[in-house]
Structure formats: structure tokens, C-alpha cells
Amino acid sequence: MKMNHRKYLIVALIATFFVYTGISGVLATVPVQTTKEQSVQVYHSFHPGSIWNDTNGKVINAHGGGILYYKGTYYWFGEHKVAGPIGNTAQVGVHCYASKDLYNWKDEGIALHVSDDPHSDITKGCVLERPKVIYNKKTHKFVMWFHLELKGEGYSAARAGVAVSDRPEGPYTFLRSMRPNAGIWPLNFKKSWETSTLQPDSLKGWTPAWMKAVEEGLFVRRDFKAGQMFRDMTAFVDTDGKAYLIYSSEENLTLQIAQLNDNYTGFSGKYVRVFPGGHNEGPAIFKDNGKYYMITSGCTGWAPNSARSGVATSIFGQWKALGNPCVGNDSDLTFHSQSTYILPVHGMKNAFIFMSDRWNPRNPIDGRYIWLPIKMSKEKPIIKWRKSWNLNDFTNR
Ligand code: DGJ
């Protein structure tokens, strides 16, 4: 490998200046790009909040992401964001990266493209958030679910979108979007709530009477015919092969957990409400020692807030709140981020990575990824800030 020594010297001097003056934390943790050959860097650890490049030396663009493990490879799917406020809408689609070691990610391109057809639900300019891919062992299809808002309708459509592919990295074919479980009551819904005549506009918002009505299914009833609202979401495949979507519903006031049908491309009709009136977003879930754990955020738009956690012995509940899993400085703001996914590390016992987004709504392409190890303490997940860490962390505890 031949190097241009003059160019190298100048870049190295500038880099040394930045590192020693402490101007850039990013330069201090990630090798500096010098010549073309050297721009490909090999990572051996995670650096939460720092610029994270793919194996081509380009910044990873996969926000609100989720990860699929398939045949020895991890596939990271996330929102491809562009610069400026327009980046809060989908201009490109869902980006996919592949990795064997979780540190170094190869660009696999756009797995699902937004459509040029103005009549498509996923037309360019829609809002397409938090894509998650699961693999169906029976159909051998990869199924991508995401939160979809129709172009020009703000966040009012609150729909679930689904796409499929024969290969993990795609391309994915968009099937349809929908509101889940139209005409079906949740499993944990009281009979008397089904027939209540209380309507959202007959009560003043945020009063105790309104809160009680929310808990007793005010918005489930309102959306019964059209289907339940579907916003921040995650997907989960249980050990018995049944798959579930967990999503913010009922005006983001209540989470719902809905079982998917056998081919994972629609709903089975079984669903429950979790933490009614609890105002949770960013749901992420994992299973440890037969118990289900959930981590969520509160609802403050793109601004960070305190995370919450919960536990259940059955995915359909009862769910019990466990409080904020984050500890230490900035734990009240989830280290300036919002949960998106919890990744079980393949081949390691009790090893889970908390994945969250440090959003940048003014320049969404510059949102950062916060990946931190989850430690279990007395059957409660605990997350601490780490400037850098690696997978050995799970074995040395
Ligand atoms: C917070 C959600 O968690 C994000 O996914 C996104 O929908 C923003 N709200 C939009 O304001």
C-alpha cells in the first residue's frame, strides 16, 4: 500500500491538534481518516454517541433501527435520514447493514425504497419510522414491519406497514398498510367498557375523569371499527415461533401488544393493552430466563426523557412497572436518547444490548446511536453510561 506522505503528515498534524485540544470527542475515539486506503477503519468496541462509520468509511444511516440475526450475520435495519428538517420524512427508505461482530457494518443498500407513485402509501415524503424485520421459518420470508404516516397527514394516520423479501437484505416488496385489529376487542378489555357511551369529545382532556375513561378504553372504542392506532413500534419473535408487534396506540396513551398471524404478514386478532394511560413510546423488549422485559420512553416528541421498564411472565401480561432502568449521570434523560430495540447477542447467555437514538430533528441525518449493555440486577434491567465498551463486558461481570 503506497501512501502520499505529505498529505498524511498534514492530516495527522490537524488530527493531533484536535485530539490534544479536546475539540472533538469523535476524533479522539474513532481513528482519523487519512488517505483513501486508511479511511476503512476496524472497530473493536462500541462508542455510544460518536460517529459510527460503515466498512466503506461512510457514516451509518439506520435510525430508529432494529436488528435481525440470521445464519451467523446480524442485519441492522433503520430509517435512512437526509439532512435538514425534510429528513424527518422518508425521502429514501429503509437502509440495511450487515455485520458478523456487531462493531463493523457493511452497507447492504436500501432494503425498502419509498415509492415514486404519489398514490402509494409509502410515497416519497411519507413518514416511515422504526422498521423491524423478523424471519418466518415456515414461509422462509423476511417480514418488515414499520410505523407509517401518510404523506401530508402529519401523525394522524398512525398505521402499520408491512413488506416482505426472500433475502434478509432485501429488496423488500411493500404489501400494504393498515390499522391493526379492526372490529376486535383486546383480550383484556372489560365487557362493560365495550358498550360505554363515553366519547373523547364529551370529556375535557387530562382531567381525572378523562384519564379514567382512557384507562377504560375511550380510544379503543373510538377506533374499534377503523382499527387501533399504530405508532412507535417493535417486533418480537417468541421461542415458540409466535410473533408480536408492540406499539404505542390510543393517541400514544397506551401500549398494545398484538400477535401476528402464522405468516407474520397480518394480525391474528389476539391483542392486549399494556399500561393504559401510561403514555409510553419507543417500546423495546427482550426475554431473559423465561420472563419478558420491556423498556420504553415517555412521550416528549424528539426530546429525550426518562426511560421506563416493566416485566411480565407472559407476553400478554400482567405487566408490572419496574421504573427507570438507567442509572448515573443523565439517567433521567436516557443519556440523551430514546429506546428503539433490545438486541440479544447471539451465542452469549443473558447478553442484551440496549439500542437507542439520540435524535437530531433539525438535521436528522446527524442523529447518533447509543448502544449500551443491559445488566440484570435482582430481575431488573440496569443500564449505565459507557464511553466505550465491547462484548467482553458481558463475560466479565
Ligand atoms: C417520538 C417518537 O418516538 C419518534 O419515533 C417519532 O415518532 C417522533 N416522536 C416524532 O415527533
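Six bridges join strand β10 to strand β11 (residues 254-260), and the two run antiparallel. Strands here are DSSP runs of E with at least two residues, numbered from the N terminus, and two strands pair if DSSP finds at least two bridges between them. The model is predicted: local features need pLDDT of at least 70, side-chain atom pairs count only at pLDDT 80 or more, and totals for chains, interfaces and linings use all residues. Residues are numbered from 1 along each chain as its sequence is written, and side-chain values use heavy atoms, with hydrogens and water left out.

Within this pairing, S248 stands opposite L255 in β11. β10 and β11 form a hairpin with four residues between them, and E250 in the turn has a positive phi of about 45°.

Strand β10 also pairs with β9 (residues 233-237), to which five bridges join it in an antiparallel arrangement. Here T234 stands opposite I246 in β10. This hairpin has five residues between its strands, and G241 in the turn has a positive phi of about 90°.

How many of the seven residues of β10 are buried? Seven of the seven residues (243-249) are buried, so the strand is largely enclosed by the rest of the structure. Buried means under 20% relative accessible area, exposed over 50%, and partly exposed in between (1.4 Å probe, protein chains only). In a regular strand the side chains alternate between the two faces of the sheet. In β10 both faces are covered, with A243, L245, Y247 and S249 buried on one side and Y244, I246 and S248 buried on the other.
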